[in-house]
Amino acid sequence: MSDHHPTGIKRWLFTTNHKDIGTLYLWFSFTMLLIGGAMAMVIRAELYQPGMQVVEPNFFNMMTTMHGLIMVFGAIMPAMVGFANWQVPMMIGAPDMALPRMNNWSFWILPFAGTMLLFPMFSGGDFLQGQGPAFGWTFYEPLSGQYEKLGFFIFAVHLLGISSIMGSINIIATIFNMRAPGMTLMKMPLFVWTWLITAFLLIAVMPVLAGAVTMMLTDKYFGTSFFDAAGGGDPVLFQHVFWFFGHPEVYIMILPAFGIVSQIIPTFARKPLFGYASMVYATAAIAFLSFIVWAHHMFTVGMPVAGELYFLYATVMIAVPTAVKVFNWTATMWKGSMTFETPMLWAIAFVFMFTIGGFTGLMLGVAPADFQYHDTYFVVAHFHYVLVTGALFAIIGGVYYWLPKWTGNMYSEKLGKLHFWISTISVNVLFFPQHFVGLEGMPRRIPDYNPMFADWNMVSSVGGFVFGASQLLFLYILIKTIRGGEKATDQVWEGAEGLEWSIPSPAPYHTFETAPEVK
C-alpha cells in the first residue's frame, strides 16, 4: 500500500492530489517571480541615472524581454492556476480535480518550459553580452526573426501554451461535472466563476499564440514569408495575431484576481458580496469584449480612421463591466463591520490601484491621445498598475487569506502588515513617477535617456529596489508560517460568523466537508 502514498521527492513528482499540485504551482510561480524581479532590478539599476553604467544595451534589452515573459507566463499565470487547483475542488465540494494525472502533467511541463526560455541566456559567449532573446516581450516581427536561437523560444512558448490548455480543460471538467449536490452554477463562489470563464478564454487564445509562433518558425527555418514584406508578407499581420491572443491574455491574468478579491472583501466586511449575479455577468461581459478590442495596442500602425474609432469605442465599453465590479466591491464594504487584517489590506489596495490602472487604460484607449502615449513610460506605468498592484497584489492577498487553511498555522499579522505597507508605498514610488516621464515623452525599452528624466527615474529606481527587497520579507513570512506558529482554528477570522475562508455567496454556508442540504 505504500506505493499509494509516496513520500519525499516521489510525492511531488508523481502526485495527483490537487493540493500538492496547487502548492507546486505556487512555489514555481514564486521562484519565477524572484527571477523576473531580479531582472527588473537590473533594469532599474541601469535607469537609475542617464548614461550606460551597469550593463550592455543588448543585455538591457534581454532583461526587459525576459522580465516580461517570465512575469506573465512564469509568475502570474501559474500562481492563478495554483489557486484554482487548491480552491476550486474545495469550493464546489469535489474530492479532487476531474483529471488528476493530466493535472500532474500540466504542472511538470512548466519547469522545462521555463528552462527552455532561460537557457539561451547562459549558452555561448560572455553572459553579459546577452545571448537570450532581446526583442521585447511582445516579440514583434521582423525584429524577433533575426534572433539566432529562435527555436528555443518558440518551443518554450508552445510548452507553456500546452500546459495552460491542459489546466483549463481540467478546471472546466471539474466545475461542470463535480459540483456537490445542490450547488448550481449561480451558487458557486465567485472565484470559481472567474476561473471557469478564464479557462474558456485560455482554450480560445492559446492556439492563436501557437499559430503566431509557428508562422515565425516557418518564416525563419522553412522559407515562408508570413511576416516578411520582401516575400509578400506583412509585419503588421504579426501584431494582429499576437494581440488577438495578447489582449484576452491580460484578462486571463486579472479575472482570477477579481475572484480572489471577491472572496476576501465579503469576509472582512462581514456581508455577502453585493450584486453577485451582476458580478458573474460582468465577468462574462469582460471576457467577451476582450476579444474585440485587440487593435487598441496598434493605433500607430496606420489603420483607417474607422478602425481607430471602432477600437476606441470597444475599449471604452470594456470599462463598463469593470466599473460594475469596482462599484460592487465598494458597496460590499459600505456599512459593513469591517476589520483590516492583512488580506483585507491587500484587497483594498487592489481596488484602489487597479482602478488607477483602469483610468490610465481609458486614456490609452482614446486613439488621438494614444499617438502621444504609445511606447512611452506612460504605457509601462499603466500596465504595471494593472498587473502588479492588480494581479500580484490579489495573489499576495489570496496567499495570506488562505494560508491558515492550507498550513493549519496562522501567519504573523504584524509581519504581514509590515510587508503590506512597505510594498504598497514602494510600489507607488516605483510606478507612479513613470506616468510623468511617459507624458514628457520618455520612450520605453531604451537603456539610456535624456537627463531631463533623471530625477523621476532615480525616484522610480529607489522604489523598485525597496519593493523588490520587501518580497524577501514575504518569503520569510511564508517559510515561518509553514514551519509552525500559532495554530489556526476553524474560526480563523474572528467574528466572521458563517463566512469562514471561502465565502460561497450567495450559496448556503457549509464547510465543504459534506455536501450541503438540497432544499
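Residue numbers start from 1 along each chain as its sequence is written, and side-chain values use heavy atoms, without hydrogens and water. Because the model is predicted, local features need pLDDT of at least 70 and side-chain atom pairs count only at pLDDT 80 or more, while totals for chains, interfaces and linings use all residues.

The cavities come first. A cavity is a set of points, on a 1 Å grid over the protein atoms alone, where a 1.4 Å probe fits but cannot get out; lining residues have an atom within 4 Å of a point. Grid points are joined across faces, edges and corners, and a volume is the space filled by probe spheres set on the points. By this rule there are 3 cavities of 30 Å³ or more.

The largest cavity has a volume of about 130 Å³. It is lined by 13 residues, of which Phe 73, Met 77, Pro 78, Val 81 and Ser 164 are the closest to its centre. Two or more lining residues each come from helix 3 (57-92), helix 5 (150-177) and helix 6 (190-221); helices here are DSSP runs (H or I, at least four residues) numbered from the N terminus. Helix 3 gives the most to this lining, with 5 residues. The lining of the largest cavity has 11 nonpolar, 2 polar and no charged residues, where Ala, Val, Leu, Ile, Met, Phe, Trp, Tyr, Cys and Pro count as nonpolar, Asp, Glu, Lys and Arg as charged, and the others, Gly among them, as polar.

The second largest cavity has a volume of about 40 Å³. Its lining includes Phe 28, Phe 73, Gly 74 and Leu 160. Helix 2 (18-46), helix 3 and helix 4 (100-118) give two or more residues each, and helix 3 again gives the most, with 4.

Helix 6 also packs against helix 7 (residues 235-269), at an angle of about 160° and with the axes 8 Å apart. Axes are lines fitted to C-alpha atoms, for helices over the stretch in contact, and angles run from 0 to 180 degrees between N-to-C directions. Helix 6 is therefore roughly antiparallel to helix 7 (angles over 145 degrees count as such).

Finally, the whole structure holds 47 aromatic pairs, meaning rings of Phe, Tyr and Trp (its six-membered ring) with centres within 6.5 Å. Phe 28 and Phe 107 form one that is edge-to-face (planes over 60 degrees apart), at 6.1 Å centre to centre and 85° between the planes. Phe 28 lies in helix 2 and Phe 107 in helix 4, so the pair ties together parts 79 residues apart in sequence.

How values were computed: 1 Å grid on protein atoms, 1.4 Å probe; cavity = no way out; pocket = protein on both sides within 12 Å on 5 of 7 lines; lining within 4 Å. Parallel < 35°, antiparallel > 145°, perpendicular 65-115°, else oblique. Phe/Tyr/Trp six-rings, centres within 6.5 Å; stacked < 30°, edge-to-face > 60°.
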